[in-house]
Structure formats: C-alpha cells, structure tokens
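Subject: Structure handover

Hello,

Here is the structure for you to take over. Please open it first, then read the notes below.

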Amino acid sequence: MKRLIFCLAGLSLFLFNSCDSEIDPNCIEVKLMTEICGNAVLQVVDDSFNKELGSWTDTDGKEHRNVFSTFLIPCDDNYPDKVGDTFFIALTDSLDTGSCGVCLALPANMPEERYNVRIVEPCAGQAAD
C-alpha cells in the first residue's frame with residue numbers, strides 16, 4: 001500500500017511539473033523587433049515555444065532567431081511604446097483592425113512566417129519587463 005501511494009505521489013509530481021513547462025498559445029511573451037504602421041516583426045522570448053520559427057536579418061545585418069511577422073493594431077491601448085519592449089500576445093484565427101486607420105508600409109525583409117495575434121495582459125505568474 002505504501003509503495004502504491006509513493007508511486008501515485010511521484011506520478012502526480014511528474015504530471016504537475018510537465019504541465020508547467022507547456023506554452024499557452026493564449027499567452028506568449030514576445031519582443032518587438034521592428035514596426036511600421038502596425039506591421040511588425042516579433043521575437044518569441046520563451047525558447048520552448050520557437051520550435052518552428054525562423055530567423056530574420058534586420059537593416060543593420062544582424063540575424064535574429066525565433067521571429068515571425070504580424071500585424072498589431074496601432075490604436076490598441078496596450079500597444080508597445082518602442083522597439084525592444086516585451087509584452088504578451090495570443091494567437092488568433094483572424095485579423096481585425098476595427099476602426100483603426102493604418103498605412104500600407106512594411107518593414108524591410110519581413111519574415112515569411114506570419115501569425116495573427118492580439119495583445120493580452122501578462123499571464124498568471126508572468127510579468128513583462
């Protein structure tokens with residue numbers, strides 16, 4: 001009986017720890033690499049999420065890994081202030097600009113991978129820098 005309780009306790013601990021290491025697609029920490037008129041390049045901060053993401057070379061010739069392109073709604077109250085800011089996003093199925101007018105400019109050499117996102121509040125236990 002003691003052996004069974006010990007095994008169940010060990011299994012519970014293993015399952016609890018494995019759930020903590022998963023990435024929530026509704027709360028991903030990213031860094032703003034560049035942005036023009038809402039068209040942006042974001043870098044995923046959490047290394048465990050970026051298995052399928054590529055790289056991008058900025059205008060200074062520096063290569064950045066784990067990046068993707070997206071559109072951020074410039075009229076959002078929680079829009080990042082400057083390049084280098086970190087914040088949280090959720091992946092979405094569609095792009096909705098609402099009533100926010102935007103221009104058609106694009107940053108140079110945007111990554112091919114593109115995801116629709118929305119900015120969200122930091123997740124439980126996480127805080128943006």
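**Strand pairing**

β1 and β5 run antiparallel, joined by 4 bridges. Two strands count as paired if DSSP finds at least two bridges between them. Strands here (E, at least two residues) are DSSP runs, numbered from the N terminus, as are helices (H or I, at least four). Ile28 has Ile89 as its bridge partner in β5.

This is a predicted model: local features need pLDDT of at least 70, side-chain atom pairs count only at pLDDT 80 or more, and totals for chains, interfaces and linings use all residues. Residues are numbered from 1 along each chain as its sequence is written, and side-chain values use heavy atoms, with hydrogens and water left out.

β5 also pairs with β6, again antiparallel, over 4 bridges. There, Phe88 has Val120 in β6 as its bridge partner. Of the 6 residues of β5, 5 are buried, so the strand is largely enclosed by the rest of the structure. Buried means under 20% relative accessible area, exposed over 50%, and partly exposed in between (1.4 Å probe, protein chains only).

**The core**

The largest nonpolar core has 14 residues. Such a core is a set of buried Ala, Val, Leu, Ile, Met, Phe, Trp, Tyr and Cys residues joined through side-chain atoms within 4.5 Å. Val30, Leu42, Phe68, Leu72, Phe87 and Ile89 touch the most other members. β1 (28–36), β2 (39–44), β5 (86–91) and β6 (117–120) each give two or more residues to this core.

**Phe68 and its partner**

Phe68 is buried at 2% relative accessible area. Leaving out residues up to four places away in sequence, its contacts (heavy atoms within 4.5 Å) include Val30, Leu42, Leu53, Ile89, Pro111 and Val117.

How many aromatic pairs does a search of the whole structure find? It finds 1. Phe68 and Tyr115 pair edge-to-face, 5.3 Å centre to centre with 80° between the planes. Rings of Phe, Tyr and Trp (its six-membered ring) pair if their centres lie within 6.5 Å; planes under 30 degrees apart are stacked, over 60 edge-to-face, the rest tilted. The pair links distant parts of the chain, 47 residues apart: Phe68 is in strand β4, Tyr115 in the loop between β5 and β6. Tyr115 is partly exposed, at 29% relative accessibility.

**Asp85**

Asp85 sits in the loop between β4 (63–71) and β5. Asp85 is buried, with 17% relative accessible area. Its side chain reaches the backbone nitrogen of Asp81 at 2.9 Å. Asp85 also touches Val30, Lys31, Leu32 and Pro80, not counting residues up to four places away in sequence.

Best regards

Methods
Polar contact = N/O pair within 3.5 Å; in protein donor to acceptor, adjacent residues only side chain to side chain.
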